Amino acid sequence: MTTPVIDGWFTVDEGAAHLLGTRCADCRTVYFPPQTGLCRNPGCDGEDLAVTRLSRRGTVWSYTNACYAPPAPFVTAEPYTPVTLAAVELAEEGIVVLGQVKDLTVEDLHVGMELELTVGALADGPSVWMWGRP
């Protein structure tokens, strides 16, 4: 397995990808990406934010494709191949996480469709979480 593109935001154990977030011990608010310091919930004075694994499944909230290569310093494959992106509402936490979609196009997706967290490699090698078929 390649090096994660963002250390501490996701992990892969026994072939299963997991997003890592934080949960406030006082109000139970969940954050992704992981937070440090004080709880951002305005009604909470909590300071104990524990790292927690987030749901692996969720439903498509929105989606699009990226037809143009991002500018430098981003590294893309040559020639550039458009990628599909989906905002997925996590099943248990109710928060929305954006990620690249693996092996699906915008024609394959619809709002409310269930997707599952997986992992894939970016054009320059590091691995990142992606959304795919359950």
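Which strand is A66 found in? A66 sits in strand β5, which covers residues 57-66, and we'll come back to it once the overall picture is in place. First, a word on what you're looking at. This is a predicted model, in which local features need pLDDT of at least 70 and side-chain atom pairs count only at pLDDT 80 or more, while totals for chains, interfaces and linings use all residues. Residues are numbered from 1 along each chain as its sequence is written, and side-chain values use heavy atoms, with hydrogens and water left out.

Let's start with the fold. The chain has 9 strands and 0 helices, so reading from the N terminus you get β-β-β-β-β-β-β-β-β. Both kinds of element are DSSP runs numbered from the N terminus: helices are H or I with at least four residues, and strands are E with at least two. The C-alpha trace spans about 50 × 30 × 30 Å along its principal axes.

Now for how the chain packs. Of its 134 residues, 34% count as buried, meaning under 20% relative accessible area with a 1.4 Å probe and protein chains only; exposed means over 50%, and partly exposed is in between. Take the contacts (heavy atoms within 4.5 Å) with a separation of 6 or more: residues 24 or more positions apart account for 51% of them. The accessible surface comes to about 7900 Å², with 52% of it belonging to carbon and sulfur atoms; areas here come from the Shrake-Rupley method with a 1.4 Å probe, and for residues only the protein chains shown count as cover.

Back to A66. Leaving out residues up to four places away in sequence, A66 touches Y80, P82, V83 and L85. A66 and L85 are 19 residues apart in sequence, yet their C-alpha atoms are 7.4 Å apart in space.

β6 (83-90), β7 (96-101), β8 (114-121) and β9 (127-132) each supply at least two lining residues, and β7 gives the most, with 4.

The loops have some backbone details to look at. A cis peptide bond joins F32 and P33, with omega about 0°, and P33 is in the loop between β3 (30-31) and β4 (49-53). The bond from A72 to P73 is cis too, with omega near 20°; P73 is found in the loop between β5 and β6.

Then there are the positive phi angles. E14, in the loop between β1 (10-13) and β2 (16-24), has a positive phi of about 50° although it is not a glycine. E14 is exposed, with a relative accessible area of 87%. R28 lies in the loop between β2 and β3, and its phi is near 70°, again positive in a residue other than glycine. R28 is exposed as well, at a relative accessible area of 51%.
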